Amino acid sequence: MFNRLTRDRGPVSGNVFVVMPFGKREFRNDQGDVVHYDFDEHYHEVLVPVIEAAGLNPVRTDSLYDGGDTVLDNVWARLQEGQIVIVDLTGSSRNVMIEFAWAYLLNKPIIPLTQCAGDVPSDLPGLRYISYSQGWKDMERMKGELRNRLDILREEAHAELRLVPMATSTIRPVPARVVNVSREHVVVEAEKGQYGVLGPADVDLTRIVSDMAQRFSPNEVLDGAFETSDGHTRYTLVAGQSNPWPQLVSDFPSAHVFTGKVVNVVAGVGAFVHVAHGVNGLIPAAALKGVRLTVGTTVTVGVVKVDPRQRRIHLALVDADERRVTVLRSEAAVPHKRGERCDAEVVKVVPEQGRSGGYALVKLPDSGRTAMLHCTDMSPEVRADLNRGQLERGELLTVEVIDVNEQGRIRVRDLEGETEAPAELAA
């Protein structure tokens, strides 16, 4: 089930998120002629070269898997991270229109493309779109206009919008006594025998408490409040406090570089650096590579990821001369390389069924890592099985690793029908 929209990520510098139809589609152009068009080919042979020539990073739902329950969860995640969004409105695809509306809602810099002027929403007067057709001259003109628009938008300062929940809760401050403690939660009793549950997210807005039993003791008296929202009541120690995470997401996008002071160093864990609003970020011990940091040291760091759900900020040391983030990894952190071939087990199957691209998740041998096999990276035989419901969990597919991104997410293609044996099998 798709979750309600919550802004939990900021734009990633250089990311261009592309929203468009998938595969071969049929539509009518402005002259009423039926047109058959391969949008996958258009993306890889036209849009990707233009985006990369501008020094930017193209991102499409081919490569999307971020642990969400649905394709739309992952689309929403990457859409938030787009510094610029390109939307191909050709054919008025429902999924494209949904994602276009999301980008518009976030006030993203948007570059609309279309082969049909009639597919541009009529209730957005003044929307500047770039038209194109399959003709060579028209396509070259579109590529030039797109490149110019990308160059302009990447340099413009742009204020995006945050989605803030409406304040509909009621708060009743009241002291309460701890009557039961576990690792996951605390049960409290207030006046007149009212009981409540204090969770790990309601203790400190700067972080989530990992072990409530270490933080609280039976019979301890807490100065908190009962908060009722959407018909549910909980006990909280942070009622009325301002949540710093939406602002942190906005102010500290991935690859943002800043200087901060080391506030704590924990052996085997890493160094904690103050970021803002009382929140600290972590440089993992494995990423320090022998660099010794002490409390009070000022360091130049870059943001790897701000995770408001877990209330964590992942940082990396930065080359002070180049002013860019270098994410340091051990070899064990990324055990699979491009071009590697192996037999992988299917662990999740999502048919296309009109959504933004079906996919399968496969578990790679040795490491047990999960990889994305998107429908556009499937052989015709496997893609047909996917959509007929004949691709099943537990089935083995011979795959090849085609991409491992900076976050360690792996994308593969299947080798169904190819005669060359994988290197592991040939050995």
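Leu 396 lies in strand S22, which covers residues 396–404, in a model that is predicted. With a relative accessible area of 58%, Leu 396 is above the 50% cut-off and therefore counts as exposed. Beyond its neighbours within four places in sequence, Leu 396 touches Ala 344 and Glu 345. The C-alpha atom of Leu 396 is 9.5 Å from that of Lys 363, a residue 33 places away along the chain.

- S22 pairs with strand S23 in the antiparallel sense, over five bridges.
- Within this pairing, Asp 403 is placed opposite Arg 411 of S23.
- S23, formed by residues 410–414, is mostly covered, with four of its five residues buried.
- S23 is also joined to strand S21 (residues 370–374) by two bridges, and these two strands run parallel.
- Ala 371 has Ile 410 as its bridge partner in S23.

**The five-stranded open sheet**

- Five strands form an open sheet in the order S4-S1-S5-S6-S7, and their pairing is parallel.
- S4 and S7 (130–131) are the edge strands; each has a single partner strand, so one side of each lacks a neighbour in the sheet.
- Strand S1 (residues 12–19) is largely enclosed by the rest of the structure, because seven of its eight residues are buried.
- S1 pairs in parallel with strand S5 (residues 82–88) over five bridges, and Val 12 has Gly 82 of S5 as its bridge partner.
- S1 also pairs in parallel with S4 (residues 57–59), here over three bridges, and Asn 15 stands opposite Asn 57 of S4.
- Strand S6 (residues 110–114) is joined to S7 by two bridges in the parallel sense, with Ile 130 of S7 as the bridge partner of Leu 113.

**Helix H4**

- H4 comprises the 20 residues 136–155; at 1.5 Å a residue it should span 28 Å, and its end C-alpha atoms are 29 Å apart, which agrees.
- Met 139, Met 142, Leu 146, Arg 149, Leu 150 and Leu 153 are the buried residues of H4.

**Helix H3**

- Buried in H3 are Asn 95, Val 96, Glu 99, Phe 100, Trp 102 and Ala 103.
- These residues cover an arc of only 160 degrees around the axis, which puts them on the same side of H3.
- After H3 comes Asn 107, which has a positive phi near 60 degrees.

**Cysteines**

- The structure has zero disulfides.
- Cys 342 has a relative accessibility of 6%, under the 20% cut-off, and therefore counts as buried.
- Cys 375 likewise counts as buried, because its relative accessibility is 0%.

**The chain as a whole and model confidence**

- The protein chain contains nine helices and 23 strands.
- Of its 427 residues, 44% count as buried.
- Among contacts between residues at least 6 apart in sequence, 62% join residues at least 24 apart.
- The average pLDDT of the protein chain is 84, and 87% of the residues score at least 70.
- The pLDDT is below 50 over residues 323–333, a stretch that has 25 contacts in the model beyond near neighbours in sequence.
- Residues 419–427 also have a pLDDT under 50, and the model gives them eight contacts beyond four places in sequence.

Note on methods: Residues are numbered from 1 along each chain as its sequence is written. This is a predicted model: local features need pLDDT of at least 70, side-chain atom pairs count only at pLDDT 80 or more; totals for chains, interfaces and linings use all residues. Side-chain values use heavy atoms; hydrogens and water are left out. Buried means under 20% relative accessible area, exposed over 50%, partly exposed in between (1.4 Å probe, protein chains only). Contact means heavy atoms within 4.5 Å. The arc is that of the directions from the helix axis to the C-beta atoms. Two strands pair if DSSP finds at least two bridges between them. pLDDT is the predictor's confidence in each residue, from 0 to 100. A disulfide is a pair of cysteine sulfur atoms within 2.5 Å. The expected span of a helix is 1.5 Å times one less than its number of residues.
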